[in-house]
Amino acid sequence: MTTTDEDLHKGVHPGRQKLSIFMAVLVLLPGVLLRLSGAEAAEPVKALAFGLAIVASAFLLAWAGEVAQLDISAGLSIALLALVGVLPEYAVGFVFAAKGGRDFSRFGAACQSGADRAAHLESSCTLALANMTGANRLLIGVGWSMVVAIGWWQWRKRGTRSSGITLERSHSVELSFLTIATMYSITLPLKRSITLIDAVVLVAIFVGYTIRIARAPAEEPHLVGPSRWIGGFPVARRRLTVLVFFVVAAGVILLCAEHFADSLVATGRSFHVSDFLLVQWLAPIASEAPELLVAGLFAWRLNTDAGLGTLVSSKVNQWTLLIGTLPVVFAFSSHSMHGLPFLATAQGEVLLTASQSLFAVAILVNLSISNKEALILFGLFWAQFLVGAFVPDSAHGAERVVVSAIYLVLATVVLFRNRKMLRGLFHDGFRAPYAELSEG
């Protein structure tokens, strides 16, 4: 059954949606004007202006990507939405990977070993992975937990007890590929760099995921907010609006990403705050905001399957395509075949991110996540920060190892408990036709 323009406009408040779009455009303007005019401003002001421009652009991209599903084929839609989903993170990661590559071509082994390096050299090599690890951990530690919490609250208001969320059987596809990518990612912290071979493997997993999910039967997209309003436009007007949103948002991100990254680092140094922490958390919060908002809206309307499913799919994209492209950018910029090097801080962060991902996958092997499991994910996400506050400088980084070990132990226990379900998950994820999955 095809959704008509009238169906899409049912329950939509045009004034509210116009205001949302107007606010997004208004928020991105200061960053664009500051960038084009070349005006001088304090680094915190520039970081705020460029960061807000990227946030607003991410919302435009999210709305356009959702509406685009009405007009393009299933396979192309999946590829497009995957690119849209990682573009903001990729833009910031691209900046630091490219800077690191250029520094590596100038300083060679000093970039990898950290010997006799300037502050900017340390930052460019280390920060290339900061945005990636922050975005991945935020997606699980906050995003997955948020969907469960909102669903629990909404059911509680209706006088119904909710023990958690159960996903539809068709989500076995995303979980199977995420499991494979996560198992491979556990090997990354054992190396001194993410190599081009790692890039080939991770991108190949993403390509395989795209091919597999492209065989899914076409479904009407779940449109909410401005995307639902735009989806009700006449076809020509709808397509033009989507194109304009894509062009404007992509242009703003490319225009502001490098300057946002530079201003963020400069702001951290002026306030004596860690460059790594600012890039790791502020940038992902900006880029992940639209996706978390959409997932939260689904959960608020008790469509928790769509809410959590969206975030799981995004995790697949980030854990394969995003990580896999960073060493390619680094190699291109360094004019070498060298992979993206690790310093000690980045190595610990990648270990912590991979361990969290393994525990999260272990939880979802049975296609469900309980309130208790969501609370554990949320608690461990914050535990690393709290433990780190009490660790002396001489032992800084030990908290990452401790929390990583907790993640790995819990993952082992849960996987052992659900070991019989792994075979069924992989069968559904890799082999079962979608007609069979829809019966679940």
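Let's start with His335, which sits just after helix H13 and takes a positive phi of about 55 degrees. Helices here are DSSP runs of H or I with at least four residues, strands are runs of E with at least two, and both are numbered from the N terminus. This is a predicted model, in which local features need pLDDT of at least 70 and side-chain atom pairs count only at pLDDT 80 or more, while totals for chains, interfaces and linings use all residues. Residues are numbered from 1 along each chain as its sequence is written, and side-chain values use heavy atoms, with hydrogens and water left out.

Now, H13 itself. Its 31 residues, 304–334, should span 45 Å at 1.5 Å a residue, the expected span being 1.5 Å times one less than the number of residues. The end C-alpha atoms are 44 Å apart, which agrees. Where does H13 bend? At Gln318, by about 30 degrees, taken as the angle between axes fitted to the seven residues ending there and the seven starting there. Of the 31 residues in H13, 28 are buried, so the helix is largely enclosed by the rest of the structure. Buried means under 20% relative accessible area, exposed over 50%, and partly exposed in between, with a 1.4 Å probe and protein chains only.

Stepping back, the protein chain has 18 helices and four strands, and buried residues make up 53% of its 440 residues.

On to salt bridges, where a side-chain nitrogen of Lys or Arg is within 4 Å of a carboxyl oxygen of Asp or Glu. How many does the structure hold? Nine. One of them pairs Glu43 with Lys46, at 3.4 Å from N to O. These two are three residues apart in helix H3 (residues 43–68), about one helical turn. An α-helix has 3.6 residues a turn, so residues three or four places apart point the same way. Glu43 is partly exposed at 28% relative accessible area, whereas Lys46 counts as buried at 16%.

Another bridge joins Asp428 and Arg169, at 3.0 Å from N to O. Asp428 lies in helix H17 (residues 419–430) and Arg169 in the loop between strand S1 (164–166) and helix H8 (172–185), so the pair ties together parts 259 residues apart in sequence. Asp428 is buried at 10% relative accessibility, while Arg169 is partly exposed at 23%.

My last pair is Arg400 and Glu349, with their closest N and O atoms 2.7 Å apart. Arg400 is in helix H16 (residues 398–417) and Glu349 in helix H14 (residues 344–364), so this bridge links parts 51 residues apart in sequence. Both partners are buried.
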